[in-house]
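Please consult the sequence and the model shown here while reading.

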Amino acid sequence: MICTTIQNKDLEGISNLLEKSLPQIEMAEIRLDRCPLSEDDITELFSSSDTPLVATCRVSPEGDITWEEAEKRLTAAIEAGAAFVDLEIEAPKEMGKRLRRECSEYGTVMIRSAHFFDGTPTLEVLQSTAGKCRRFGGEIVKIATMANDGKDAERVLSLYDSEIPGRLIAFAMGGHGRMSRLTSLAKGAPFSYAALTEEEAAAPGQWSYDKMNAAIFGGKKPLDSGASLDMPASKSFAQRAILAAALAEGESKLEGYSPCGDNEAAIEVARALGADVTVEGSSVTVKGFGAKVPERIDVGESGLLTRLIIPVVAALTDQEVSIEGRDTLLRRPLKGATEIMARFGTVLRPAGEVEPGKSPDIKVPLSVQGPLVPGKADISGKDGSQLISGLLMALPLLKKDSVIHVSDPKSIPYMFITMDVLRKFGITIGSEMEGDEEFLETQDWSLCTGITFKIKGGQKYRPASFGIEGDWSAAANFLVAGALYGKVRLEGLDTSSLQADLSIMDILMDAGASLSQLEDEFDENVHTGTITVQRAPLRAFDTDLNNCPDLFPIVSVLAAYCHGQSHIQGFKRLSSKESDRGTAILDMLEKMGVSAFAEDDVLTVEGQSLESRCLTGNMMKGGDFTSSHDHRMAMALTVASYGAATPIKIDDSLCVAKSFPAFYNTWESAL
């Protein structure tokens, strides 16, 4: 990242630079000791800007800024939303403590800096100073010295041999140190400082923004079309709602619908159950008749629809029903389905003959032999939530009550999406989550060890009308693209959603991306509005995707650009997606030249910042890639292609139609 130093400007001048400069300033250091800003001005500036800002207020013997005044200005910036605050290591200790507490409370990253304007000390002194900066609260350590020769610059840069990648900014000032500002980025500095123009340099040897940008990126423009991108409907919500509407007697209306392969398959299943379904633009009207059950049901390529319909047809009839599908679905095993359905008296049989003595590997096509029997059952959730969601939809239709205890639950948010949709159609289900003391305190779903669902029998689906949420799974690709390459604005997303892939917001924030939302609607705890994500200094991260495995492909691309080792948990869950997604991700990263490996349940990715890749020539490699006929892989490959040295060609790019047919048109709108 290039951080542009802004000095000697008033509030209007700074705001104009941040809003109207071409090319757009992607990050800025505001020299509060050199800009004529009141505390009110500081509050307005740092609270209103989406650009990541560094608040700096130097105190020097010849200046008129005192430490007390510097603390007031820096505190105002922190409380208004500064992304970073730079505090010199010479600052009074108590002031440092107070500002560290402020940074911790408001989520500001603290930089502790040391400057040697008279020369470059020994390596031992540099290392000791860096350690002191770290001990006194520096999440990022900044060391700047005056270089009297090339060896001085080399000595400063040698700090990168022992410091944490992404947590050090070390360079030399002066003519002999000029190139060290670029080299620091190559070695993993989160950002380097540039001036608006060379005449406005804040220190000797500082590059202008234009020259540094050209030296790093050449003529490549950042991603920022200025357009706001509309996200498609969540197919997780849409498929559940369409099926629920088919089970209701009466007319339901769903707004915000967008077509895709899986959603259209759900409409055909609803029609097969006897519902009259009409689609007009983004509205879907479903006239349900309490549901009939045909001899065969085609679920298309949808694994979710398969697992939802199996318990439903077993609840509706004791006749044998054939479940059929196509393409990648025919290769995906329904792990645990035979055992779970047997707990409720339902038999699943594979199509065709089974080799004697061999346990059948249940896949589509298959047959379902009901009836579904109410009762109490302990089942494992280790193979996912979709079949459990199907049981939650089906068991209320039975005459008697049922209780399901799910141990080792995965994809927990999707079970609660099911309950949320069912509630709209008049179906109520009780739930109780279990966990240790940490879970009880934090309610972190990743710490949940079990869930008990209490399902009252004899319930009836009632028609409903509501809007379908935008899809966070689709949005994740564009949010990551903005964080990596420039800026992206998205519409149609609910930040209070139960969708598991909303976790991409937390992951991006953990990685250091800049995120903001301009709310334009507030209705019954639903938050929508323009979400903006833009480049900021990225760092390695650790995350657990057990509850949102669909994020794995795009999060692995994000990790490839975060300097250091990122660890992504939940790798074992990827083998039975549209592809063997774990193998596909490792193959993708290896072919791109990214070091990655999987050990047990964790994918480890060795990342390198975009600037470092550009300056070292270690760009992501292009060429011919396979999507493995997996829509999520195709989208992730498309996002990765923007930062690749040569174009990435995808063998089956049209597989995105499964969830997002308009993906490529939307991608073109982002460029």
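Lys211 and Glu198 form a salt bridge, with their closest N and O atoms 3.1 Å apart; the term denotes a side-chain nitrogen of Lys or Arg within 4 Å of a carboxyl oxygen of Asp or Glu. Because Lys211 lies in helix H8 (residues 209–217) and Glu198 in the loop between strand E8 (192–195) and H8, the pair ties together parts that are 13 residues apart in sequence. Helices (H or I, at least four residues) and strands (E, at least two) are DSSP runs, numbered from the N terminus. Lys211 is partly exposed, with a relative accessible area of 44%, and Glu198 is also partly exposed, at 35%. Here, buried means under 20% relative accessible area, exposed over 50%, and partly exposed in between (1.4 Å probe, protein chains only).

The model is predicted: local features need pLDDT of at least 70, side-chain atom pairs count only at pLDDT 80 or more, and totals for chains, interfaces and linings use all residues. Residues are numbered from 1 along each chain as its sequence is written, and side-chain values use heavy atoms, with hydrogens and water left out.

**Salt bridges**

Side chains of opposite charge can pair when their charged atoms come close. The whole structure holds 30 salt bridges.

| Pair | Closest N to O distance |
|---|---|
| Lys211 and Glu198 | 3.1 Å |
| Asp420 and Arg423 | 3.4 Å |

Arg134 is partly exposed, at 25% relative accessibility. Asp420 and Arg423 are three residues apart in helix H14, so about one helical turn separates them. Asp420 is buried, with a relative accessible area of 16%, whereas Arg423 is partly exposed at 48%. A network of salt bridges links Asp550, Arg581, Asp630 and Arg632.

**A buried arginine without a partner**

Arg240 lies in helix H9 (residues 235–247). Although buried, Arg240 has no salt bridge, and the nearest side chain of opposite charge, that of Asp550, is 9.3 Å away. What lies close to the polar atoms of the Arg240 side chain? The backbone oxygen of Ser236 is 2.9 Å from one such atom, and the backbone oxygen of Tyr414 is 3.4 Å from a polar atom of that side chain. Apart from neighbours within four places in sequence, the residues in contact with Arg240 (heavy atoms within 4.5 Å) include Leu304, Met393, Tyr414 and Val421.

**Nonpolar cores and overall form**

A nonpolar core is a set of buried Ala, Val, Leu, Ile, Met, Phe, Trp, Tyr and Cys residues joined through side-chain atoms within 4.5 Å. The largest such core has 176 residues, and those with the most contacts inside it are Ile309, Leu372, Phe453, Leu479 and Ile504. Helix H16 (residues 472–485) gives the most to this core, with 11 residues. Apart from it lies another core, of 34 residues, including Ile25 and Phe46.

The protein chain has 22 helices and 30 strands. Of its 671 residues, 57% count as buried. The C-alpha trace spans about 90 × 50 × 45 Å along its principal axes.

**Backbone features in loops**

One runs from Val364 to Pro365, with omega near 5 degrees; Pro365 is placed in the loop between strand E15 (347–350) and strand E16 (366–369). The other joins Gly370 and Pro371, with omega about 10 degrees, and Pro371 is in the loop between E16 and strand E17 (376–380).

Asp408, a residue other than glycine, has a positive phi near 50 degrees. Asp408 lies in the loop between strand E18 (402–407) and helix H14 (412–424). His629 likewise is not a glycine and has a positive phi of about 60 degrees; its place is in the loop between strand E29 (623–625) and helix H21 (631–641).

How values were computed:
Lys and Arg count as positive and Asp and Glu as negative; His and the chain ends are not counted. A polar contact is a pair of N or O atoms within 3.5 Å; within protein, one must be able to donate a hydrogen and the other to accept it, and residues adjacent in sequence count only if both atoms are side-chain atoms.
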